[in-house]
Structures are given as structure tokens and as C-alpha cells.
Amino acid sequence: MTLRETPIGRPEGGPHEDPWWRGAVLYQIYPRSFADSNEDGMGDVPGIIAHLDHLAWLGVDGIWLSPVTRSPNADWGYDVSDYCAVQPDLGTLEDVDRLIAEAGRRGIRVLMDLVPNHTSHEHPWFLDSRSSRAAAKRDWYVWADPEPDGSPPNNWVSSFGGPAWTPDPATGQSYLHNHLAEQPDLNWWNEEVRLAFDEVIRFWCDRGVAGFRIDVCNVIIKDAELRDNPVATEDDDFEAQLFGQRAVYNTNRPEVHDVIRRWRALVDGFAEPRILLGETPVPVDVLAEYYGDGRDELHLAFNFPFISAAFTPDALRAVVEQTEASLPLGAWPVWTGSNHDMFRFPTRWAEDDPRRVRLALLMLLSLRGTPVLYQGDEIGLGNTKLAQGDMRDPLGVRYWPYYEGRDAGRTPMQWRDGPGAGFTGAGVEPWLPFGDVQAHNVEDQRSDPGSVLALARRLIALRRGERDLRAGSYRTLDAPEGVWAWRRGGRHFVALNMSGDPVALPGLDGAVRLSSARARSDEPVVGTVALGPWEGIIGVLAAPTSTAG
Ligand code: GLC
């Protein structure tokens with residue numbers, strides 16, 4: 001097989017192999033839907049502790065917890081009313097301390113979710129800010145005068161729809177919110193706001209967290225002059241056309257990088273440096289900027305073009321190649337298929353076809369970069385069909401039936417077949433309905449060596465044991481139509497047949513390490529490898545070559 005010698009791919013070797021998070025598999029927990037320890041129908045921190053053995057058995061190295069901080073739950077935790085306290089129905093600070101300790105004992109690190117763009121409207125900072133124009137924290141939020149005719153201060157729209165401004169009669173000004181009106185945006189030009197977040201970061205680092213996932217970190221700072229966004233034209237992308245404007249002045253402002261560099265310096269200053277994993281819903285060329293020079297901004301930045309790409313070799317390979325080519329030297333990609341906002345990949349990419357689910361898992365776990373699995377990915381859990389009355393997400397409540405909100409990907413984890421699904425007590429109504437518990441649950445899949453769960457675990461173990469798969473470079477390999485193949489490091493290769501027809505891939509000698517479809521470990525590859533419909537394999541080449549890279 002000929003290597004396509006493109007400039008993509010990074011040399012192996014060097015200090016980038018050492019930090020734990022580069023070779024890690026991370027796992028997102030949506031706490032309210034993970035495991036319910038007190039039978040109130042909602043998951044909680046003690047529930048997570050009770051299932052740490054599952055995560056250790058699976059082989060994950062770190063967990064990211066969607067917010068467990070205090071919140072009135074207008075946006076289910078993403079509207080924080082106290083950054084240093086735990087939401088009572090999820091547990092206590094002592095529970096979180098115990099979680100960090102118990103996870104650590106199993107070699108699992110814990111990342112918290114940091115929500116710096118906005119607080120809850122019930123946060124004491126905002127209560128003070130809105131109390132009068134002269135309030136001590138007035139400038140902690142973005143206030144502006146309405147136009148003389150009473151219309152909003154500028155044309156910005158909320159990413160949740162509608163105007164980004166809400167008038168506040170008490171002081172006659174309007175406040176900015178890029179999401180719900182219950183989520184007022186902080187003013188990141190204000191040094192006191194920056195200092196307050198330094199304290200929040202220190203607070204959690206001192207409790208032993210390994211880092212933070214940073215919510216919408218690309219939007220936190222807005223144009224100082226609050227200029228109107230340009231009106232979208234038909235040449236603009238879908239999102240701009242949907243909102244009627246290009247988000248030029250309220251997202252991706254250059255000054256956001258000053259804030260991220262400040263956080264990086266702060267977390268690098270700990271004896272054991274902590275990591276920053278940014279939520280960065282931006283095109284790939286813009287994504288690269290959030291890594292700074294490769295050492296001074298985010299350690300990891302979520303790749304939304306990858307999540308949103310069609311499940312075809314051309315679409316996914318294009319994103320991966322562009323990412324490989326544009327990230328600064330030393331920067332490390334992140335690959336994700338599902339999260340609590342973007343739905344579950346078994347449905348979105350794989351149309352709930354088990355062969356494609358398995359193929360997608362193999363892909364996620366064998367690219368160069370850190371995979372972040374979402375709870376349930378490991379059992380191939382797809383989206384759950386919900387009715388209007390089930391809606392909990394404010395977006396589903398507001399926009400049904402035009403948009404069904406994000407709840408279909410937030411339904412509870414399915415631990416075993418039977419009432420309560422091992423998530424909560426039998427007879428307790430979960431806060432969101434279960435999916436098909438019989439078809440997808442941890443207990444049954446654990447005892448089935450052919451299950452998706454068994455495959456996920458084998459993939460993680462293989463990756464853990466092979467430096468090529470953890471740290472090796474990525475190089476696209478030439479492959480027939482419908483196939484995406486790449487080389488990892490010196491000796492490994494990955495081949496995905498993303499079609500329903502069998503194919504043969506020529507030019508390879510070595511052995512299969514693992515197949516997504518059937519038992520093929522150690523099967524020799526002599527000249528050609530056959531791939532069944534929607535089958536992916538990881539293989540090892542017979543001999544290392546001098547082009548290893
Ligand atoms: C992020 C979160 C999402 C939340 C939004 C506002 O995108 O992932 O769940 O609604 O920020 O905080």
C-alpha cells in the first residue's frame with residue numbers, strides 16, 4: 001500500500017507523549033442521567049461513585065462531569081448560581097470529594113464543567129448587578145441602554161433563539177444573554193470577573209480535579225462597542241442564515257485568547273498541571289486558534305465539524321485531514337461522536353445499525369487524539385424517542401415540534417434489564433424515560449463477548465497497550481471507494497469499510513489485531529485484507545518501515 005505523503009501527521013517522539021491526557025480515553029457523565037442512588041428518579045454523585053468500577057473495568061482514564069454545581073436548572077446545570085457549591089439534588093461537596101478520591105484510587109481523573117460565559121439569573125452576582133446602576137457588581141454583566149424607540153441595544157440574537165437582550169425595568173437597561181434570559185452573560189472585560197473565576201478554578205483544583213471542560217469558551221468575550229452583527233446573505237452558512245446574521249461581534253472575538261492564556265498559565269502553575277478541554281463549536285481553521293501556539297491555550301478543543309460530519313469516508317476523512325494539517329505543532333485533537341447537546345452517534349451516524357455503531361467506535365478509538373465517549377456510547381445506546389410531554393430541555397419545551405430539544409440524547413443510563421433499569425429503583429419514575437432497556441444494557445452486554453460493550457473494552461485495552469495507537473502519527477492511506485484507511489505510528493493501520501458491500505484492500509502484509517465485526521485477532525494478512533460490509537479493523541504491519549512517523 002502506498003502512503004499518501006501529505007504534510008499532515010506529526011512526528012512521533014518528544015515531550016507530547018508524556019502527559020496523561022494524550023493517551024487517555026475520556027468519558028462524559030451527564031450526572032442527572034447516570035445513576036440514581038436515592039431513588040428520586042434523578043442521577044446523583046453517589047450514584048456515580050457506585051458505578052466507578054464499571055468505568056475502571058471499561059478502561060477509561062478520566063471523566064468529565066456535566067455541571068454538578070448549584071443551579072435553579074433553567075438549563076439543567078448550565079445556569080450556575082454558585083460555582084463552589086454542589087446542587088443539593090445531585091449531592092454534596094463531600095460527595096464530590098469522595099468521588100475524586102474514589103476515582104483516583106481506580107486511576108480515573110475527574111474534570112469539572114466550568115461555565116464562565118454566563119451565570120444563573122439567581123446568582124448573587126447578578127442579583128447585585130441588577131439591583132441598581134450603581135451596584136458594586138453592575139459592570140460584572142453586560143448592560144446597555146435600549147434604543148430610543150425601546151428596541152434592543154443591538155441586533156444580536158441568542159443562540160437559543162430570540163433577542164439576546166432582556167429589558168430590566170428596575171434600572172431601565174437591558175442585559176445580554178447568549179442563551180436563555182435566565183443565563184445573563186458575564187462581562188469578561190471586567191478584571192474582577194477574571195479574578196473571581198481564577199478563584200473558582202483554584203477552588204476545584206485544590207479539591208483535586210484534573211481540569212475543566214469549559215462551556216462555550218469561544219463566546220465569553222463580546223465586542224467592547226457592542227456593534228451590530230452583519231446581516232446574513234445566501235452565501236453564508238446554515239447557522240448564519242438560520243439566525244439571520246453572522247455572529248461576528250459576539251463570538252470568537254480576538255480577546256478571548258487572552259482569557260484562555262490566563263487560565264492556561266493558572267492551571268500550568270499547579271505542581272501537577274491541570275487540563276483545559278474547551279467546548280469550541282467552530283470551523284476547523286478557527287478551532288486551531290484555540291490551541292494558541294500549541295502550548296499556551298487549550299490542551300484539548302472539541303471538534304464540532306467532526307461530530308456534525310456525515311458518516312461517510314470522504315466527509316470524516318476531510319475533517320480529520322484538515323484538523324491534522326491545521327493544528328499547531330504539539331497540539332492534540334479530540335474526537336467525539338455524542339454529547340448531551342449533539343445527540344448520540346449510534347443514531348446520528350449509524351442509524352442504529354449495530355455494524356455501523358461498532359465501526360464508529362473503532363474509528364473514535366483509533367484516530368490520533370483523545371477520544372471522549374459519552375455515557376451509553378459503550379453499549380451502543382441511540383437516541384430515545386420521546387413525546388412532547390417528556391420534554392425537560394427548555395429548547396424542546398419551547399420549540400416542539402419544530403425542534404425536539406436535546407432530551408433524546410439525555411435519557412438515563414441503562415445498567416440492566418428490568419424496572420428501573422438499574423438506574424433507579426423499580427417503580428420510581430425516572431426524570432426522563434428509558435430507551436430500549438432490553439436491547440441495550442450494561443449487565444447483559446458484560447456477559448456477552450460479542451457485545452458492543454465487549455468491543456469497546458477491547459478497543460480501549462488495545463489502545464492502552466500500543467504506543468502507536470496512543471501516540472503515533474496519523475497518515476491517510478490510499479484506499480478504494482467507500483473505505484477510509486490510515487496508518488498509526490510506525491506499525492499500525494486502521495481500515496474502515498464504510499459501505500454495505502464487501503471490499504478487499506490490497507498492499508498490506510501483517511496481521512489483524514482487532515475487527516469491529518468478528519473474531520479475527522492474529523489472522524495473518526498476506527498482500528490483501530478483506531473487509532465485510534461496515535467492518536473496521538486495526539492491524540499491524542509485518543515489519544517497521546523507515547517511513548514510520
Ligand atoms: C453549552 C452546553 C449546553 C448549554 C449551553 C449554555 O453548549 O453544552 O448544554 O445549554 O452551553 O450553557
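This is a predicted model: local features need pLDDT of at least 70, side-chain atom pairs count only at pLDDT 80 or more; totals for chains, interfaces and linings use all residues.
Residues are numbered from 1 along each chain as its sequence is written, and side-chain values use heavy atoms, with hydrogens and water left out.

**The α12–α15 pair**

- The axes of α12 (residues 354-364) and α15 (residues 452-465) come within 10 Å and cross at roughly 15°.
- Axes here are lines fitted to C-alpha atoms, for helices over the stretch in contact, with angles from 0 to 180 degrees between N-to-C directions.
- Helices are DSSP runs (H or I, at least four residues), as are strands (E, at least two), numbered from the N terminus.
- V357, R358, L361 and L362 of α12 make the contact with V452, L455, A456 and L459 of α15; contact means heavy atoms within 4.5 Å.
- Seven of these residues are nonpolar, none is polar and one is charged.
- Nonpolar covers Ala, Val, Leu, Ile, Met, Phe, Trp, Tyr, Cys and Pro; charged covers Asp, Glu, Lys and Arg; the others, Gly among them, are polar.

**Nonpolar cores**

- A nonpolar core is a set of buried Ala, Val, Leu, Ile, Met, Phe, Trp, Tyr and Cys residues joined through side-chain atoms within 4.5 Å.
- Buried means under 20% relative accessible area, exposed over 50%, and partly exposed in between (1.4 Å probe, protein chains only).
- The largest core has 128 residues, of which Y27, I63, F212, F306, M363 and W484 touch the most other members.
- Beyond its neighbours within four places in sequence, F212 contacts L111, M112, L114, I201, W204, C205, I275, L276 and L277.
- A second, separate core of 14 residues includes A495, V503, L505 and L541.

**Buried sites**

- D215 sits in the loop between β9 (211-214) and α6 (238-243).
- D215 counts as buried, at 7% relative accessibility.
- Residues up to four places away in sequence aside, D215 touches Y78, D113, L114, V115, P116, H118 and E279.
- V286 belongs to helix α8 (residues 284-289) and is buried, at 17% relative accessible area.

**Backbone exceptions**

- Most residues other than glycine have a negative phi, and most peptide bonds are trans.
- W400 and P401 are joined by a cis peptide bond, with omega about 0°.
- L226, in the loop between β9 and α6, has a positive phi of about 50°.
- W534 has a positive phi of about 55° and lies in the loop between β18 (524-531) and β19 (536-541).
- W534 is buried, with 12% relative accessible area.
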